[in-house]
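This report describes selected features of one protein model, with attention to strand pairing, helix packing and backbone geometry. The sequence and the structure are shown first.

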Amino acid sequence: MATLSPLLKQATPVLAERGEGVYLYDTEGRRHLDFTAGIGVTNTGHCHPRVVEAARAQVGTLIHGQYTTVMHEPLLRLVDALGDVLPDGLDSLFFLNSGSEAVEASIRLARHATGRQNIVVFHGSFHGRTMGAAALTTAGTKFRAGIGPLMPGAAIAPFPQAYRYGWDEAEAVRFALRELDYLLVTASPASDTAAFVVEPVLGEGGYIPAPPAFLEGLRERADRHGILLIMDEVQTGFGRTGRFWGHQHADAKPDVLITAKGLASGFPLSAIAAPTALMEKARPGSQGGTYGGNAVACAAALATLQVIAEEGLVDNAARQGARLNDGLRKVAADHPEIGDVRGLGLMQASEFTGPDGEPDAAAAQRAHKAAADHGLLLLTCGAYGNVVRMIPPLIVTEAQVDDALALWSRAVADAVG
């Protein structure tokens, strides 16, 4: 008899039977308010009718048209549609299956295009579990321990985590940029550095937004030294932060953009986007894959884009995210165990700390479990596991946000007394 790997631990006890909108229903018929969205994937909600119909129609005509063998219409239409939402100039796309694969492709492109080896990432980053992506991941040792030697050429610089350092945001940004400059004259010479890879909001690293001044500082240094700026928008893209792309909270356009998760409402699809002149510098044979640009996934992505635009989901994410953040701050005001509340749009987090300011993972885990017991599904993150994050679908309503906040208040009270 076969079983799933024992390493696949569930974050919640739910055995899901079906999903509808912001809700999951288990095999016993109980309804759960899903503020995980499949780790930021189901931005249009579970089984949005438009996405379901697009996928159903595509399954009946062409499931797999391998895109280096034949071309198919859903892929071509998706390229055109993405051109309407991508930053100006990022007019060339390469499609893959997962965020990790897209990160790997961006690294390969950066090294080919610049002729340089080194990639600079930032403390708390999560870029994936494949070998190259794991070398760029510092959100926790569990993602990289025991598999060395990792890909060479990865250098790590500080991320401006103001709360962790005990500074204000401006001071944290000055420190992080100063240390990056130091890195470029010590461990990773600018002349050997191909790219900076950064998340506009740290994901697994604790839901910490990058201050606009930090991203703008990266853009300035990239321009000065001939380094590419790669934005990992796997989790922050497709409206999640209240802008279509997370980097749009700053004046810092990327040279390469990575997207996945919310791109196809649950179907496996990822992509990198870059200017054609840059993409042409990739070597022949360096881009390809059996399943990338799958016809059904592309059809679902097209429907996803239409739903986001027609239902105003980016604006809704901004409005409901502000409401969620305000409510989380009110809960935190009654519970000193929550040391910080932060986020952008519908990407919000509460960090649990002890009286001495040290991370309190046990309290976070109790609150996370209590929330699930009350019917609110959440996830934890952060290097110490002491951050509880909320990632509802972008279709969430005021009433559903308020329901979640009421359940969260009860869960925190249960967890910390």
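Predicted model: local features only at pLDDT ≥ 70, side-chain atom pairs only at ≥ 80, totals over all residues.

Which residue in β3 does Tyr25 stand opposite? The residue facing Tyr25 across the pairing is Arg31 of β3.

Strand β2, residues 23–26, and strand β3, residues 31–34, are antiparallel to one another and are joined by three bridges. Both belong to an open sheet of four strands in the order β1-β2-β3-β15, in which the pairing is mixed. At its edges are β1 (16–20) and β15 (376–377), each of which pairs on one side only. Helix α13, spanning residues 398–416, lies across β2, β3 and β15 and runs at about 100 degrees to β3.

| Helix pair | Angle | Axis separation |
|---|---|---|
| α12 (residues 361–373) and α13 | about 135 degrees | 8 Å |
| α11 (residues 313–333) and α13 | about 20 degrees | 10 Å |

Helix α12 packs on α13 at an angle of about 135 degrees. This angle is why α12 is classed as oblique to α13. The crossing of α12 and α13 is right-handed. On the α12 side, the contact is formed by Ala363, Arg366, Ala367, Ala370 and Ala371, which meet Trp408, Ala411, Asp414, Ala415 and Val416 of α13. Classified by residue type, this contact contains eight nonpolar and two charged residues, with no polar residue.

Helix α11 packs against α13 at about 20 degrees. Because of this angle, α11 is roughly parallel to α13. The α11 and α13 pair also has a crossing of right-handed sense. From α11, the residues Gln320, Arg323, Leu324, Gly327, Leu328 and Val331 meet Glu398, Val401, Asp402, Leu405, Trp408, Ser409 and Val412 in α13. The contact of α11 with α13 comprises seven nonpolar, three polar and three charged residues. Trp408 of α13 takes part in the contact with α12 and also in the contact with α11.

**Strand β11 and its neighbours**

In a regular strand, side chains alternate between the two faces of the sheet. In strand β11 (residues 256–259), Val256 and Ile258 point one way while Leu257 and Thr259 point the other way, and all are buried. Strand β10, residues 228–232, pairs with β11 in the parallel sense over three bridges, and Met231 has Leu257 of β11 as its bridge partner. With strand β12 (residues 270–274), β11 runs antiparallel and is joined by three bridges. Here Leu257 stands opposite Ala273 of β12.

**Backbone geometry in the loops**

The loop between β11 and β12 contains Lys261, and Ser265 lies in that loop too. Although Lys261 is not a glycine, its phi is positive, near 30 degrees. Ser265, likewise not a glycine, has a positive phi of about 55 degrees. Are these residues buried or exposed? Lys261 has a relative accessible area of 22% and so is partly exposed. Ser265, with a relative accessible area of 12%, is therefore buried.

The peptide bond leading from Gly148 to Pro149 is cis, and its omega is near 0 degrees.

**A contact across the sequence**

Ile63 occupies the loop between α2 (49–59) and α3 (73–83). Its relative accessibility is 47%, so Ile63 counts as partly exposed. Which residues does Ile63 touch, not counting residues up to four places away in sequence? They are Gln58, Asn294, Ala295 and Val296. Ile63 and Asn294 are 231 residues apart along the chain, with 7.3 Å between their C-alpha atoms.

Key. Residues numbered from 1 in each chain as written. Heavy atoms only, no water. Pairing = 2+ DSSP bridges. Helix = DSSP H or I, 4+ residues; strand = E, 2+ residues; numbered from the N terminus. Contact = heavy atoms within 4.5 Å. Axes fitted to C-alpha atoms, helices over the stretch in contact; angles between N-to-C directions. Parallel < 35°, antiparallel > 145°, perpendicular 65-115°, else oblique. Left-handed = near helix turned anticlockwise from the far one by under 90°. Nonpolar A, V, L, I, M, F, W, Y, C, P; charged D, E, K, R; others polar. Buried < 20%, exposed > 50% of the residue type's maximum accessible area, 1.4 Å probe, protein only.
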